[in-house]
Structures are given as C-alpha cells and as structure tokens.
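Thanks for coming. I have one structure to go through today, so please look at the screen.

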Amino acid sequence: MKNMTTLLEPRNKNLKAALEESYDEALKSEDFKQIVTKLKMKREELINYTSTLEECASEYSHCKNCPGIDACKNKINGYAYLPRIVEGNLEFSYRPCKYKNKLDKKNKHLENTYVYSVPKEIKEASFNKIYKTDKNRYKTIIWLTEFMDKYKENKEQKGLYLCGNFGSGKTYLIASMFNELAKEGIKSAIIFWPEFLRDLKSSFNSEYKNEFNDKYNKIKKVPLLLIDDIGAETITPWSRDEILCPILQYRMEEKLPTFFTSNLNLEAIENHLAVTNKGDEIIKAGRIVSRIKQLTEYQEMISKNLRK
C-alpha cells in the first residue's frame, strides 16, 4: 500500500501549480508588480499571499490617483492596506495616507477639547467659519475675542452665560473659541448637560464608581468648561445639589472660567432649578443662580435659526 506522502504528491503539485498560475496572472497588474518588487522576497514565499497582495495592489492603485481624503475609495477612509517586511516576515496592516496624516496634524489641537454628546460640527468648530452676517451676534463675537486675548495673560477670568433662541449658534461660538485656545495647549470641556447627567446617574453605583469619579472630576477641574443647554434637563435634588452645585462651588473657589448656554434667561433658569419631584425649592435654586452670576457675565443673543 502506498504511504500517505506518496498519495498526496499529485494533489500538492496541482495546488502549487494553481498558486503559481494565480501569481503569474496577478503580475500582469503593474501595481501588483511594483508592490512585490519592493518587498524583495522570494517568489515561492510570495505566491502564498497572492490574494492578499492583490487587495493591497488595489488599495495602492486608489492611493496613487486620489485627489484627497474625501475621495478615498479604500475600505477604511484615509488608510491603505499594505504589506511590509518585519524581522524577515511578511505582515499586512492599515497605514494612513498623506492626506490623513496632514488632517491629523491639522486637527491635533482638538485633542485638548473634551466633548461629551455634542455634534461633530461643534467638536470641529472654527472661528474662521462662524456666521458673521447677523449683527445681533457681534456683541458676543467681540466678547469671546476679548476673552481669548485676556485669558492668555490672566487665567482668572469670568466666563459667559449666553442665552438665546434655539439654533442661534450659541454653542458653536463658544466651542470655536475653545478650539482656538486649544491651539495654545489650553484644555477645555464641552458638556451637553442633560445627557451628561443621565450618564453620570447610570454610573453612580459601586460597579462603575471609578468611571463616575473620572467623569465628574474631569469637568469639575478642567481649565475651561462649557455646560451646554442648561435648563433642558429634568431637575432632581441629586442633579442640582449633589452634582451641579459642587461643580460650580469648586470652580468659583478656584477661579476657573465657566460658560453656559441656554434657551432660558437667569430668571427662568432659577424657576427651572426650583421645581423638583419634591416640590418648589426656591432657596436652593437661588444658591445655584448666585454661583452662576459670580462665575459669569450675562448676555442674550437673539439671532437667525441656523439649523433650519
């Protein structure tokens, strides 16, 4: 009886022939040929990776003719799947293209701004893109510009309580200022307040206590803080007295600039903060508003609804 090795020989020969045929067919592609030539590996080693190398050649081809990251045709935007030799072995990995590297370098300062549950346009807000046609926005734009200049010299500045109509761009304006200061290495946080409270509450137990403390202390101590859309949250004694009040008290004592955006003026905010499931609590609400007044200057901005 023939041994197993003898029986498998024809099959192995057929497999090897098929691999070589597939490899030779792939070599007809100039991009494939360029990639394998650069690898400087033996043919018998490369033929085992023909299909993967063909995928690399396809992505390489896309990159050669790509006008920019927005036109990327590869599986992962801004990356190409390419081979390389590591300690004599062939490895494959996704590598950023020149456009992705350029974009990352341009946006590196955004790492200094911590954002929670805000849209992409707020994360990437820029002073160069703010809407300047509406004269009702001038006062706020001037105030923020002056704040930037003063803050670089003296960190103990009052923030801004900015109220106004829905869609007027309140959050975008303050976020754009934060991102400008981020270029100077200044750290900040933009927190969509209603969602942040919900998240804090869900992590307020023994299992997630460290997560709760990390989030809470991050926004309490960050050099610049924007509490976005205060007044849109559901008020509870816990959110008001155990979360908001200590944050404001700490920032007031440490003279850390704090900003607020809201659709409600200060009188309406005080009424909002007073009503909980325990009834009206005017005194406790008044304490919060008193701290807001000490932390901020007040402005109203009634402008065109930019979200229409």
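Let me begin with a question: is serine 117 buried, exposed or partly exposed? Serine 117 is partly exposed, because its relative accessible area is 42%, and here buried means under 20% relative accessible area, exposed over 50%, and partly exposed in between, with a 1.4 Å probe and protein chains only. You will find serine 117 in the loop between strand 3 (113-116) and helix 6 (120-123). Its phi is near 55 degrees, a positive value in a residue other than glycine.

Before I go on, a word on the source. This is a predicted model, in which local features need pLDDT of at least 70 and side-chain atom pairs count only at pLDDT 80 or more, while totals for chains, interfaces and linings use all residues. Residues are numbered from 1 along each chain as its sequence is written, and side-chain values use heavy atoms, with hydrogens and water left out.

Now the whole chain. The chain holds 13 helices and ten strands; these are DSSP runs numbered from the N terminus, helices being H or I with at least four residues and strands E with at least two. The radius of gyration is 29 Å, whereas a compact globule of 308 residues would have one near 19 Å. That radius is taken over C-alpha atoms, and the globule rule is 2.2 Å times the number of residues to the power 0.38. Along the principal axes, the C-alpha trace spans about 95 × 50 × 40 Å. Of the 308 residues, 43% count as buried. A contact means heavy atoms within 4.5 Å, and among contacts between residues at least 6 apart in sequence, 72% join residues at least 24 apart.

Next, the inside. A nonpolar core here is a set of buried Ala, Val, Leu, Ile, Met, Phe, Trp, Tyr and Cys residues joined through side-chain atoms within 4.5 Å. The largest such core has 34 residues, and Trp193 and Ile243 touch the most other members. Elements giving two or more residues to this core include strand 4 (159-164), helix 9 (193-202), helix 10 (209-221) and helix 13 (282-295). Helix 11 provides the largest share, seven residues. Leaving aside neighbours within four places in sequence, tryptophan 193 is in contact with residues including Ile219, Ile227, Asp228 and Ile243. Apart from this core lies another, of 26 residues, among them Ala125, Tyr151, Ile174 and Ile186.

Lysine 215 lies in helix 10. Is lysine 215 buried or exposed? Lysine 215 counts as buried because its relative accessible area is 15%. Beyond its neighbours within four places in sequence, lysine 215 is in contact with Phe196, Asp199 and Leu200. Glutamate 153 lies in helix 7 (residues 138-153) and is exposed, with a relative accessible area of 73%. Between glutamate 153 and leucine 273 there are 35 Å in space, C-alpha to C-alpha, and the two are 120 residues apart in sequence.

Last, back to phi. Most residues other than glycine have a negative phi. Lysine 40 is exposed, with a relative accessible area of 75%.
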